[in-house]
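Hi,

Here is the structure I promised to pass on. Have a look at it first, and then read on for what turned up.

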Amino acid sequence: MDVETSLSWRGPYWYAGRRPRRSSVGDDPEDLDVALLSMFERRGRLPMALPAAIVVDIAQLVEDQRVGFFDWLLPQIRDLSCEVPFYILTGSEDFIPEGLQATAMIDRVVPDEVLLMLICIHQRALLRSEEAQLRRRIFGRIPGFGSAPHHSGTSSLMVVGLSGRFLEWQDASNEKVEVVGAFDGNMAVEFMSKRAFDAVVIDAPFDDAIDYMQQIRRDPRFAGLPVLAVCEREEDLVQLFRNGASDVLVGENRKETLARRLNSAIRFGKRRRLSDRILAESHVWLRQQVLRGGLGVEEYTNYLEACSNDLALRGLDLWEMRLQPENFGIAVQSEDEMEEINATLLSVADATSRDEDLVCLVRDFGPVAVLKNEAGITRLQKRINSILSHTVL
């Protein structure tokens, strides 16, 4: 399962609530939390240092204050240099103002380590979405390109289990979202492999819910899909989070709250699916360019400049790795041998990098890999060396 466990960028947490201070687990920002509630009471401007995430526990706001709080906060979020993960921590009976476009709405009992993991996942998802938009802008589309079945179709919600609340889920979801039911995890994965789903609700007894969730999460196609689990007993809530739930719905939920939590998950899932689809198309297009001698230098340079500018908004650097044979101790004897080695290096780099990393052949440069962090370069170098040591060229 391809799950993010480190922050893509660091910064202060903008936090509203009284959550116990999380212990340091390496990637946590240290002593940088911005207390949103006290800033709101003073109607102060927030510092413009890009936050790692914005977290609002809505229960900490008096109900008649909530609209005013978000009227103050949302313009400051929009003034940030780029998008960051934004979370509403809530419960089944909390009133959530209409129209909030949060990255996710999550039960406030979410364990600290799970919340951090979700922030890491959503940071990466934002980078992937920006990368997909950039590639579409720079490289264009492939005429007539199809897509994998699990990327295709209208926005849909999968409901797994036999609780008998199927109509409740239909009623809670947006009218444009198709709701499909599955008896168990096997049936759910089968359906999900044949058409797109933007979120999953597991509405089943605790032991079955854990089993179904693990079946879905084991499939790499669905590792990042929002999965909401229904929980009848509060003592099971934390275990559901720790076994892969993106959110846990406890007991009876206020109808409007349920709809907003559900539609927030579907909205994120749809965005993730569109990114996956564009990156898959771009991957095919880049492989096609190898047969035409490689990507043009001007096109490649335009990509590097635009990508570098986007990353700079988050304080990140772009890392370019030229996959030249001499960098891996390979001696080239002829033009034909160079072509074969280039193909091998491209293949290895392509297989060992993430789909949001750019791996391509560039005319006059040869094979290259463009990654979003220095650690990725080190990791890719080690993987290529390891594979080449067991490969006969």
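A residue is called buried here when its relative accessible area is under 20%. Please keep in mind that this is a predicted model.

With that cut-off, let me start at strand S13, residues 366-371. Buried residues make up 6 of the 6 in S13, so the strand is largely enclosed by the rest of the structure. S13 pairs with strand S11 (residues 319-322) in the antiparallel sense, over 4 bridges, and there Trp-319 stands opposite Leu-371. S13 also pairs with strand S12 (residues 358-362), again antiparallel, over 5 bridges; in that pairing Val-359 is opposite Ala-369. S12 and S13 form a hairpin with 3 residues between them, and Asp-364 in the turn has a positive phi of about 75°.

Next, the parallel sheet. Its 5 strands form an open sheet in the order S7-S6-S8-S9-S10. Which strands stand at the edges? They are S7 (178-182) and S10 (247-250); each has a single partner strand, so one side of each is left without a neighbour in the sheet. From one strand to the next, the twist averages 20°. Within the sheet, strand S6 (residues 156-160) and strand S8 (residues 199-202) run parallel and are joined by 4 bridges, with Val-159 opposite Val-201.

Two helices that pack on this sheet are worth a look in your viewer. Helix H6 touches S6, S8 and strand S9 (227-231), and its direction makes about 160° with that of S8. Helix H8 (residues 255-290) touches S6, S8, S9 and S10, and the direction of H8 makes about 160° with that of S10.

H6 has a helix partner as well. Two packed helices are described by the angle between their axes and the distance between the axes. For helix H5 (residues 185-192) and H6 (residues 206-218), the angle is about 30° and the axes are 9 Å apart. Angles under 35 degrees count as roughly parallel, and that is why H5 is described as roughly parallel to H6. Their crossing is right-handed. On the H5 side, the residues in the contact are Gly-185, Asn-186, Val-189 and Met-192, and they meet Tyr-212, Gln-215 and Ile-216 of H6. Sorted by class, this contact has 4 nonpolar and 3 polar residues, and no charged ones.

Happy to talk any of this through once you have it open.

Best wishes

Definitions and conventions
Residues numbered from 1 in each chain as written. Predicted model: local features only at pLDDT ≥ 70, side-chain atom pairs only at ≥ 80, totals over all residues. Heavy atoms only, no water. Axes fitted to C-alpha atoms, helices over the stretch in contact; angles between N-to-C directions. Parallel < 35°, antiparallel > 145°, perpendicular 65-115°, else oblique. Left-handed = near helix turned anticlockwise from the far one by under 90°. Contact = heavy atoms within 4.5 Å. Nonpolar A, V, L, I, M, F, W, Y, C, P; charged D, E, K, R; others polar. Buried < 20%, exposed > 50% of the residue type's maximum accessible area, 1.4 Å probe, protein only. Pairing = 2+ DSSP bridges.
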